[in-house]
Amino acid sequence: MPEKYLLAIDQSTQGTKAILFDHQKQIFWKTALSHKQLVNNQGWFSHDLDEIKNNLKKLFKSALEQVSADQIEGLAITNQRESAAAWSKRTGEPLCNTIVWQDNRAQKLIKRISYKELQEEVKNLTGLALSPYFTGAKWGWMLLNEPRVIQANQNNDLCLGTMDSWLIYQLTNGKSFKTDPSNACRTQLMNIHTGQWDEKLSEIFGVDLNSLPQIVDSNAHFGDTDLFGLLPHPIPILSVLGDSQAALYAHGCFNAGDFKVTFGTGSSVMLNIGNKLPKDINNKLNTSIAWSLNGKTSYVIEGNINYAGACITWLKDNIKLIKTPEETGDLALTANPEDYTILIPAFAGLGAPYWKTDMKAAFVGMTATTSKKELVRATLNSLVYQIADILAEFQKLSPQLNNEIHTDGGMIHNQYLMQYLSNITQRTVKISNISELSALGSAMNAFQDMSGSKSSASYSPRMKKDVALNYLDEWHNWIEKMS
């Protein structure tokens, strides 16, 4: 009998991947297509939904050149979170470009409604600090500034969704308009206590709840798809998880106190806190839903770093310090140990746990001898300092914090970065043995497999604790000076 496979879609910030997993969680085949990063002179980030859909069709054709239609038994989705899409309910056609999660064009809208009582109410209802980075504010901006979105809203022809909902709608030819709690909780329109869309929150952002998808379990039946007519019979969509939660799942972080760090365009530092919300969710970090499986919900505390891999892209594309990301490790290792340059990576403000949305980026502490090597090292170090500060907040909120840092994403192969992370946090760093961890997590969810993946390597601290604390103190001093 021919081997059966699950087809996983990983729709991320930089591109879309299609991966075939067998029942042993092994990758049989994978391929990817990137899409354009549309950035205007105001620094607004957008994606073309039609380009992403067309890429998906190409990926499916490639998959069916590897296996027969009968060998694909189901579909799993993982996706970039918080990015805002709008399309016609009637035709399924996009009404404007996606506003990408990094984009802060809704900052003025947030400032207009941002008074202390409302900030506290939103945080207590959603677990999220009132911010332009979450999807609700982005949809609110669309409903004030995008003519086709405004018109569709008036005509009751508007669908608003995160990327998972857009994919499901397209894959089912408009028959299914659903999302899961791991994505819905990041919109700032879902009440984290009830797990449903909230009327009060919809009024705050000016979003009609009728425009939003149905929230169902992360392992629900999301509809059936024939992959845009490529299959002679439909297959079920069995799993949907936001990319960060999917990675947490794949790491096997199912117990309270387990946490992971994902290194992508941005970075997500996520802690499982179990099946109960904390009494006080009005803290410096975000409280979200990990997943809801068969009606049972697990919660997480998360700190998000807006610029992680994006900092390396900036070094390469904007200031031309490097030709490839792989260079950064060797450059950092050979940098002058007596140079104490620090990068404040506030290209779009600083997120958790600082919440300094107006801060600007800067290299600080440079001398006349500071060179490319030191600037590259400072860039990598800045990511570690932010992670360390998030872990310090975790420790306050979850005394049972695990001593192991599970890591995944493209930057885990940077040996300097992983060792420095271990040094500064004084914890063991475990490296994922598979790069496609978000896709694996959603595939495992579809298989109802909770065994977790294995690590391929680990790093232990090689720096004394007092030295690590001195580096962190210097970082904190500069953050305070720049505020």
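This is a predicted model: local features need pLDDT of at least 70, side-chain atom pairs count only at pLDDT 80 or more; totals for chains, interfaces and linings use all residues.
Now select the strands. Six of them form an open sheet, in the order 3-2-1-6-15-14. The pairing in this sheet is mixed. Strands of a sheet pair through backbone hydrogen bonds, either parallel or antiparallel.

Go to the edges next. Which are the edge strands? They are strand 3, residues 27–34, and strand 14, residues 224–225. Each pairs on one side only.

Zoom in on strand 14. Its partner is strand 15, residues 235–242, and the two run antiparallel. Two bridges join them. To see one of the residue pairs, pick D224: its bridge partner in strand 15 is P236.

Helix 9 lies across strand 6 and strand 15. Its direction is about 95 degrees to strand 15.

**A residue in a loop**

Select V207. Where is V207 found? Look in the loop between helix 8 (199–205) and strand 13 (214–215). Is V207 buried or exposed? Its relative accessible area is 3%, and buried means under 20%, so V207 is buried.

Show what surrounds V207. Leaving aside neighbours within four places in sequence, V207 is in contact with G136, W139, G140, L143, L160, L189, S202 and L212.

Then label K356. V207 and K356 are 149 residues apart in sequence. In space, they are 26 Å apart, C-alpha to C-alpha.

Move on to strand 22, residues 404–409, and strand 23, residues 428–432. These two run parallel, and four bridges join them. Pick E404 in the viewer: its bridge partner in strand 23 is T428. Now trace the chain. From strand 22 it passes through helix 13, residues 415–425, to reach strand 23. This β-α-β crossover is right-handed.

**Last stop: helix 14**

Select residues 437–447. This is helix 14, and ten of its eleven residues are buried, so the helix is largely enclosed by the rest of the structure. Which residues of helix 14 are buried? Colour L437, S438, A439, L440, G441, S442, A443, M444, N445 and A446.

Notes:
Residues are numbered from 1 along each chain as its sequence is written. Side-chain values use heavy atoms; hydrogens and water are left out. Buried means under 20% relative accessible area, exposed over 50%, partly exposed in between (1.4 Å probe, protein chains only). Two strands pair if DSSP finds at least two bridges between them. Contact means heavy atoms within 4.5 Å. Axes are lines fitted to C-alpha atoms, for helices over the stretch in contact, and angles run from 0 to 180 degrees between N-to-C directions. A crossover is right-handed if, with the strands pointing away from the viewer, the path from the first strand over the helix to the second runs clockwise.
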